[in-house]
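This report goes through one protein chain, part by part. Please look at the sequence and the model before reading on.

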Amino acid sequence: MNGPSRRAVLGAGLAAATGALGGCSGGSGPVRRLRLATGPEGGPYNAFGKALALAVGASDLPLEIIPVSTAASVNNLRSLDEGSAELALAMADTAEDAVLGLDSFSRPTPVTALARVYVNYTHLVVPADGPVRTVTDLAGRPVAAGATGSGVRVVAQRVLRAAGPADERPLGLAASVTALREGTVDALFWSGGVPTPALAALARELPLRFLPLDAYVGPPRARYAPVYTTVTLPAGVYGLREPVGTIGVGNYLLARTDVQEGVVGDLLRVVFDRWRDLLREVTAGARLEPRFAISTGQVPLHPGAAAYYRSVYG
């Protein structure tokens with residue numbers, strides 16, 4: 001947790017945004033208001049952010065979390081960099097790109113991790129009676145590949161790069177579902193918890209096929225980062241008769257480097273006390289444990305997070 005690369009990034013200086021956001025709450029002393037960049041309304045990041053805001057609000061901490069709807073991962077990391085948010089959720093691959101200054105990021109971005117909170121499952125969904133049976137069938141076809149600025153789009157583009165070019169449409173989840181229902185795209189990509197309510201609702205009105213992607217984990221893992229893993233959509237979810245192998249990517253709760261250490265420790269205590277509530281609307285069967293949470297790859301832990309985990313380990 002405390003290697004040289006982590007200390008180097010953690011030492012980067014930024015303006016004190018959290019201090020500028022301080023307010024008062026009656027006679028209870030100053031309240032820290034932290035903006036949390038989440039994702040689109042109805043998505044898992046947005047649900048997690050609202051649940052975290054409620055959990056913090058129910059605590060006795062002089063802390064307020066303000067969820068902000070966004071296009072998700074890429075935009076969230078830029079919000080941290082620009083100072084328009086103090087906290088953010090982002091997929092692990094996009095967060096590592098930001099720290100290393102790769103792909104969507106022209107330079108390294110000084111952000112830190114508080115926790116790896118859960119794993120996203122990549123969904124590649126097609127109509128069951130449609131022409132697409134394998135990933136290579138997508139070549140030249142219209143595909144909803146995630147909104148601009150989202151982590152979904154990053155994963156979709158990396159899969160399609162290995163499988164063959166498609167006609168990529170930059171659509172968010174709601175627009176992707178509508179487009180697949182109306183037949184204006186032949187497939188949609190989504191990366192999120194299981195089950196994702198919008199896809200579960202679509203599966204009840206339209207026969208769907210979920211294409212396996214586990215064979216496509218290798219190329220992005222080798223080229224970009226070991227954050228890509230093989231996971232399984234279980235039988236029963238979305239009406240699946242058999243499990244479907246796919247690509248898993250962790251999600252990180254992130255912070256600017258200038259968020260105070262004590263605030264981070266307090267926030268993590270709420271996260272670990274209330275993780276069942278935070279993940280209830282996000283992904284079925286997920287657990288959050290410290291030994292899982294510290295696995296943040298190239299993204300350095302915030303000093304307050306490192307101190308919290310040391311206190312947990314004793």
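## Confidence of the model

The structure is a predicted model. Its mean pLDDT over the chain is 89, and 90% of the residues reach 70 or more. Residues 1-28 have a pLDDT below 50. Beyond near neighbours in sequence, that stretch makes 56 contacts in the model. Where pLDDT is low, the predicted coordinates should not be read in detail.

Helix H7 covers residues 173-182 and helix H8 covers residues 197-205. Their axes are 10 Å apart, and the packing angle is about 15°. Angles under 35 degrees count as roughly parallel, and H7 and H8 are therefore roughly parallel to each other. The crossing of these two helices is right-handed.

On the H7 side, the contact is made by Leu-173, Val-177, Leu-180 and Arg-181. H8 contributes Ala-198, Leu-199, Leu-202 and Glu-205. Sorted by class, the contact of H7 with H8 has 6 nonpolar and 2 charged residues, with no polar ones.

Helix H5 (residues 92-100) packs against helix H6 (residues 151-163) at an angle of about 95°. The axes of H5 and H6 are 9 Å apart. Angles of 65 to 115 degrees count as roughly perpendicular, and this is therefore how H5 and H6 lie to each other.

From H5, the residues in the contact are Asp-93, Thr-94 and Asp-97. From H6, they are Gly-151, Val-154, Val-155 and Arg-158. By class, the contact of H5 with H6 has 3 charged, 2 polar and 2 nonpolar residues.

## An oblique pair

Helix H10 spans residues 261-273, and helix H13 spans residues 303-313. Their axes come within 8 Å and cross at roughly 50°. H10 and H13 are therefore oblique to each other, and the crossing is right-handed.

H10 brings Glu-261, Val-264, Gly-265, Leu-268, Arg-269 and Phe-272 to the contact. Pro-303, Gly-304, Ala-305, Tyr-308 and Tyr-309 come from H13. The residues of the contact of H10 with H13 divide into 7 nonpolar, 2 polar and 2 charged.

## Salt bridges

How many salt bridges does the structure hold? There are 15 salt bridges. One of them joins Arg-33 to Glu-64, and the closest N and O atoms of this pair are 2.8 Å apart. Arg-33 belongs to strand S2 (residues 30-37) and Glu-64 to strand S3 (residues 63-68), so the pair ties together parts that are 31 residues apart in sequence.

Most residues other than glycine have a negative phi, and most peptide bonds are trans.

Ala-72 sits in the loop between S3 and helix H4 (73-82). Pro-195 is found in the loop between strand S8 (187-192) and H8.

Notes: Residues numbered from 1 in each chain as written. Predicted model: local features only at pLDDT ≥ 70, side-chain atom pairs only at ≥ 80, totals over all residues. Heavy atoms only, no water. Axes fitted to C-alpha atoms, helices over the stretch in contact; angles between N-to-C directions. Helix = DSSP H or I, 4+ residues; strand = E, 2+ residues; numbered from the N terminus. Parallel < 35°, antiparallel > 145°, perpendicular 65-115°, else oblique. Left-handed = near helix turned anticlockwise from the far one by under 90°. Contact = heavy atoms within 4.5 Å. Nonpolar A, V, L, I, M, F, W, Y, C, P; charged D, E, K, R; others polar. pLDDT = per-residue confidence, 0-100. Salt bridge = Lys/Arg side-chain N within 4 Å of Asp/Glu carboxyl O.
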